[in-house]
Amino acid sequence: MTHQHPAVSDPDPESATAQGGPPESSPAGTPAAHTERGRTASRWWSERRVPAAIAALVILAACAFTLFDVVRVRTGHTAAAWRKTLADELATRPINDPWVITGAAVAAALGLLLIILALTPGRRHLLPMAATDNPDAPQAALDRDGAARLLRDTALRVPGVSHADIRVRRRRINARVQVAFRDLDTVRTEVTEALTAQLDALALARVPRLTVRARRRGP
């Protein structure tokens, strides 16, 4: 499979940059970089255990405390001072009072946060792998940190590379390498080809766009 990587001009003669783009065509049965493969692989949804547990505990504590106070008053005890103060404040404060507006804004922000958590998949550190044609097959995902370490080891195997820094995002992979010897453009091209081949081997559902920057190692 042939991959074309147009070089981007760089004003610094001691550095070079290349970006990997989608190939024009791929042989049948061969996974192509930067394209979707197999069935559509959706992102993994987080179970949101921590936000759900916090919200449940806060609501449970508020309900239990309110129930305790109501039962205490109904059994003949005097209402607590905070309850009388709260009732007076709610009855006398106007709608445009700064404290009322602040409390409403905080409640609205918390509610909006819970809605966002409920409607978004989360788990952004996982990269879904290509799904097979079998709908009953389990879906797999690759951790972004693990992918970055694997790509870093791949870049370091290229002759001339003394240091590699790989940042894997959902839609982009930024690779920065330092070249100790050999021609800068040659090393950058070989690093781009090696990383592209490694990304093809990972069989991701959607391969992030690859950008490789090479710089001559300083003295």
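Phe 65 sits in helix α1, which covers residues 49–74. The model is predicted. Phe 65 also belongs to a nonpolar surface patch, together with Trp 82, Leu 86 and Leu 90. The points below cover that patch, the helices and the strand pairings.

**Nonpolar surface patch**
- The patch made by Phe 65, Trp 82, Leu 86 and Leu 90 has an area of about 440 Å².
- Helix α2, residues 81–92, is the largest contributor, giving three residues.
- Phe 65 comes from α1.

- Helix α1 has 26 residues, so at 1.5 Å a residue it should span 38 Å. Its end C-alpha atoms lie 37 Å apart, which agrees with that expectation.
- After α1 comes Gly 76. The phi of Gly 76 is positive, near 100°.
- Helix α3 runs over residues 98–119 and has 22 residues. From its first C-alpha to its last, α3 reaches 31 Å, close to the 32 Å expected at 1.5 Å a residue.
- Asp 97 makes a contact at the start of α3. One of its side-chain oxygens comes to within 2.9 Å of the backbone nitrogen of Trp 99.

**Strands β5 and β6**
- Strand β5, residues 161–168, pairs with β6 in the antiparallel sense. Seven bridges join β5 and β6.
- The two strands form a hairpin, with three residues between them.
- His 163 stands opposite Gln 178 of β6.
- Arg 167 stands opposite Asn 174, also in β6.

**Strands β6 and β7**
- Strand β6 covers residues 172–179, and strand β7 covers residues 209–216. They run parallel and are joined by eight bridges.
- Ile 173 stands opposite Leu 210 in β7.
- Val 179 has Arg 216 of β7 as its bridge partner.

**Strand pairing in brief**
- β6 pairs with β5 in the antiparallel sense, and β6 runs parallel to β7.

Conventions. Residues are numbered from 1 along each chain as its sequence is written. This is a predicted model: local features need pLDDT of at least 70, side-chain atom pairs count only at pLDDT 80 or more; totals for chains, interfaces and linings use all residues. Side-chain values use heavy atoms; hydrogens and water are left out. Helices (H or I, at least four residues) and strands (E, at least two) are DSSP runs, numbered from the N terminus. The expected span of a helix is 1.5 Å times one less than its number of residues. A polar contact is a pair of N or O atoms within 3.5 Å; within protein, one must be able to donate a hydrogen and the other to accept it, and residues adjacent in sequence count only if both atoms are side-chain atoms. Two strands pair if DSSP finds at least two bridges between them. Patches are made of residues with over 30% relative accessible area and no salt bridge: like charges are joined within 9 Å, nonpolar side chains (Val, Leu, Ile, Met, Phe, Trp, Tyr) within 5 Å. Accessible areas come from the Shrake-Rupley method with a 1.4 Å probe; for residues, only the protein chains shown count as cover. A salt bridge is a side-chain nitrogen of Lys or Arg within 4 Å of a carboxyl oxygen of Asp or Glu.
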